[in-house]
Amino acid sequence: MKKMIAGIIGGTNGMGRWLADLLMKEGCRVHVIGRKTQMTAEDAAQICDVVVVSVPIAATAEMIARVGPLLKKDQLLMDLTSLKKEPMALMLAHSVSEVVGCHPLFGPQVADAKNQNIVLCPGRGEAGYAWLKNVFDKNGYSLVERTPDEHDRMMAIVQVLNHLNTVALGLAIAETGLSRAEVDSFSTPVFRSKMDIVEKVFTESPELYADIIARNPDTEAMFNIYERMIIQMRGLICSGDGVNLKEAMEAAAKKLF
Ligand SMILES: NC(=O)c1ccc[n+]([C@@H]2O[C@H](COP(=O)([O-])OP(=O)(O)OC[C@H]3O[C@@H](n4cnc5c(N)ncnc54)[C@H](OP(=O)(O)O)[C@@H]3O)[C@@H](O)[C@H]2O)c1
């Protein structure tokens, strides 16, 4: 098979760097592009078979509009964005090239492909999709093929509901005025694990999590459910001294597990 030349816009860091490393391991020639690299996104569009957009979510639409129109039919335009509906629509609208949407469901520090999922959204053309699928398959990742709508609906639960719960926990603890060091002297293993997640979300990349929550099309619906559940919990506790809440949890467990 032809050795592909890939240009990764946002390849100097994070997920872009993860893909750069993987493609280099596969024998591809990889160019990484950042805001300060000599090679620009426009240069990459001229010389690469595959152009990957992996910049922060807020900069993604502009980057797709910049490079998409420069690509020819036999090149592949793809992204790694945590949301799929908007970037896929933009990639298709701004290019005539092959298009694939890709969302790795893990962070850049993942060491082992085992049990790691990647969502692929076919966009336009078959050769680029087959090439990418083969790279991930060969390296042991689990692939899920979905439409952008289906992906974003599932991410409303896996990411929006999940992260808004984490953010609410962190904001609520901060509101009490206690620091982590003070609470830690009393912490249980489960609490420590949760605080580790709060710390990661609040300090490593708050912009990423804020964008994931704010930009999903189903965020409003997730907030409605979450708010309703908090109010319902308060009502169940007030009316049943814990018994009603226990029964609600048992009923939910039957649906969940
Ligand atoms: N982190 C995750 O866990 C994760 C998981 C799955 C998918 N994603 C997706 O991956 C994409 C990148 O996220 P990330 O977490 O990898 O971000 P990141 O670690 O902040 O890396 C972003 C990259 O984009 C470049 N960049 C930053 N701002 C830019 C701008 N305004 N214009 C052009 N380039 C810019 C940076 O290069 P320079 O600083 O060198 O300019 C850097 O290489 C996002 O779409 C995100 O949704 C992230």
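Q: Among contacts in the protein chain between residues at least 6 apart in sequence, what percentage join residues at least 24 apart?

A: A contact here means heavy atoms within 4.5 Å. In the protein chain, 63% of the contacts between residues at least 6 apart in sequence join residues at least 24 apart. The model is predicted, so that local features need pLDDT of at least 70 and side-chain atom pairs count only at pLDDT 80 or more, while totals for chains, interfaces and linings use all residues. Residues are numbered from 1 along each chain as its sequence is written, and side-chain values use heavy atoms, with hydrogens and water left out.

Q: How many helices and strands does the protein chain have, and what does its C-alpha trace span along the principal axes?

A: Helices (H or I, at least four residues) and strands (E, at least two) are DSSP runs, numbered from the N terminus. By this reading the protein chain has eleven helices and seven strands, and its C-alpha trace spans about 65 × 35 × 35 Å along the principal axes.

Q: What percentage of the residues of the protein chain count as buried, and how is the accessible surface of the protein chain made up?

A: A residue is called buried under 20% relative accessible area, exposed over 50% and partly exposed in between, with a 1.4 Å probe and protein chains only. Of the 257 residues, 40% count as buried. Accessible areas come from the Shrake-Rupley method with a 1.4 Å probe, and for residues only the protein chains shown count as cover. The accessible surface of the protein chain comes to about 14700 Å², and 58% of that belongs to carbon and sulfur atoms.

Q: Which residues of helix α9 are buried, and against which elements do the buried residues of α9 pack?

A: In helix α9, which covers residues 206–215, the buried residues include Tyr209, Asp211, Ile212 and Ile213. The buried residues of α9 pack against α3, α6 (148–176), α8 (189–203) and α10 (219–240).

Q: Where does lysine 246 lie, and is lysine 246 buried or partly exposed?

A: Lysine 246 is in helix α11, residues 243–256, and with a relative accessible area of 45% it is partly exposed. Alanine 248 lies in helix α11 as well, and alanine 248 is partly exposed, with a relative accessible area of 29%.

Q: How many aromatic pairs does a search of the whole structure find?

A: Rings of Phe, Tyr and Trp (its six-membered ring) pair if their centres lie within 6.5 Å, and planes under 30 degrees apart count as stacked, over 60 as edge-to-face and the rest as tilted. A search of the whole structure finds five such pairs. Tryptophan 18 and tyrosine 141 form an edge-to-face pair, with 5.8 Å centre to centre and 90 degrees between the planes. This pair links distant parts of the chain, since tryptophan 18 is in helix α1 (residues 14–25) and tyrosine 141 is in the loop between α5 (127–138) and β7 (142–145), 123 residues apart. Tryptophan 18 and tyrosine 141 are both buried.

Q: How are the rings of phenylalanine 106 and tyrosine 141 arranged, stacked or edge-to-face?

A: Phenylalanine 106 and tyrosine 141 are stacked, with 5.5 Å centre to centre and 15 degrees between the planes. Phenylalanine 106 lies in the loop between β5 (98–104) and β6 (117–124), and tyrosine 141 in the loop between α5 and β7, so the pair ties together parts that are 35 residues apart in sequence. Phenylalanine 106 is buried, as is tyrosine 141. Ring pairs link Trp18, Phe106, Phe136 and Tyr141 into a cluster.

Q: How many residues surround the ligand, and which are the closest?

A: A residue is near a molecule if one of its heavy atoms lies within 4 Å of it. By that criterion 22 residues surround the ligand, and the closest are Gly10, Thr12, Met15, Arg35 and Ser82. Ala, Val, Leu, Ile, Met, Phe, Trp, Tyr, Cys and Pro count as nonpolar, Asp, Glu, Lys and Arg as charged, and the others, Gly among them, as polar. The shell around the ligand then has eleven nonpolar, ten polar and one charged residues, and α3 gives the most to this shell, with three residues.

Q: Which polar backbone atoms lie 2.7 Å from an oxygen atom of the ligand?

A: A polar contact is a pair of N or O atoms within 3.5 Å; within protein, one must be able to donate a hydrogen and the other to accept it, and residues adjacent in sequence count only if both atoms are side-chain atoms. An oxygen atom of the ligand is 2.7 Å from a polar backbone atom of methionine 15, and an oxygen atom of the ligand is 2.7 Å from a polar backbone atom of arginine 35. Taken alone the ligand exposes 880 Å², and the protein buries 78% of that.
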